[in-house]
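Here are my notes on the model you sent over. Keep the viewer open while you go through them.

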Amino acid sequence: RQLLSALAIPTTLPSDLTHLAGYHIAGQPLDGPAVVSKLRNEVAHLRRSRAIVPTPFLVDVWRLAMWYVEMILFRLFDFHGAYRSRLTWGLETVA
């Protein structure tokens, strides 16, 4: 979250990732880094008694995590231009 904030990358959950909409814990909505971290912890510490995480949810978290990696690299390499977004599948611009 600190790296994303330092590079001015939004941490709010994108509305295009519909399977993450409304995801919260104890009534508190989560931001993107919290959702990625929570899923990572659930997968890494999977117990037999726990249900498997639904695939559409996993796909949305994967798309979000990959988007974060791409945005971080764009910022670090000072890229400015058009790219195809994993979140919207459309052309976006890195400013």
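1. Which residues does W67 touch, not counting residues up to four places away in sequence? The list is I9, P10, Y83, S85, R86 and L87, where touching, or contact, means heavy atoms within 4.5 Å.

2. Before going on, some housekeeping. This is a predicted model, so to speak from a record: local features need pLDDT of at least 70, side-chain atom pairs count only at pLDDT 80 or more, and totals for chains, interfaces and linings use all residues. Residues are numbered from 1 along each chain as its sequence is written, and side-chain values use heavy atoms, with hydrogens and water left out.

3. On confidence, the mean pLDDT of the protein is 86, and 86% of its residues reach 70 or more; pLDDT is the predictor's confidence in each residue, from 0 to 100. Among the elements, α1 has the highest mean (95), and strand β1 (residues 24-25) has the lowest (66). Where pLDDT is low, the predicted coordinates should not be read in detail.

4. The overall layout has three helices and four strands, running α-β-β-α-α-β-β from the N terminus on. These are DSSP runs, numbered from the N terminus: helices are H or I with at least four residues, strands E with at least two. Of the 95 residues, 34% count as buried, meaning under 20% relative accessible area with a 1.4 Å probe and protein chains only (exposed is over 50%, partly exposed in between). Among contacts between residues at least 6 apart in sequence, 47% join residues at least 24 apart.

5. Now the core. The largest nonpolar core has 20 residues, and I9, L20 and W67 touch the most other members. Helices α2 and α3 each supply at least two residues of this core, and α3 gives the most, with eight. A nonpolar core here is a set of buried Ala, Val, Leu, Ile, Met, Phe, Trp, Tyr and Cys residues joined through side-chain atoms within 4.5 Å.

6. Helix α3 deserves a look of its own. Its 22 residues should span 32 Å at 1.5 Å a residue, and its end C-alpha atoms are 31 Å apart, which agrees; the expected span is 1.5 Å times one less than the number of residues. The buried residues of α3 include F57, V61, L64, W67 and M71, but also D60 and R63. What covers the buried residues of α3 includes α1, α2, β3 and β4. After α3 comes D78, with a positive phi near 55°.

7. Why does L64 count as buried? Because its relative accessibility is 0%. Leaving aside neighbours within four places in sequence, L64 is in contact with L13, P14, L17, L20, G32, V36 and L87. The C-alpha atoms of L64 and G32 are separated by 7.4 Å, though the two are 32 residues apart along the chain.

8. G32 is also one of the buried residues of α2, along with P33, A34, V35, L39 and E42. The cover over the buried residues of α2 includes α1 (2-6) and α3 (55-76).

9. Last, the hairpin. Strands β3 (residues 81-84) and β4 (residues 91-94) pair in the antiparallel sense over four bridges; pairing requires DSSP to find at least two bridges between two strands. R84 has L91 as its bridge partner in β4. Six residues lie between β3 and β4, and W89 in the turn has a positive phi of about 65°.
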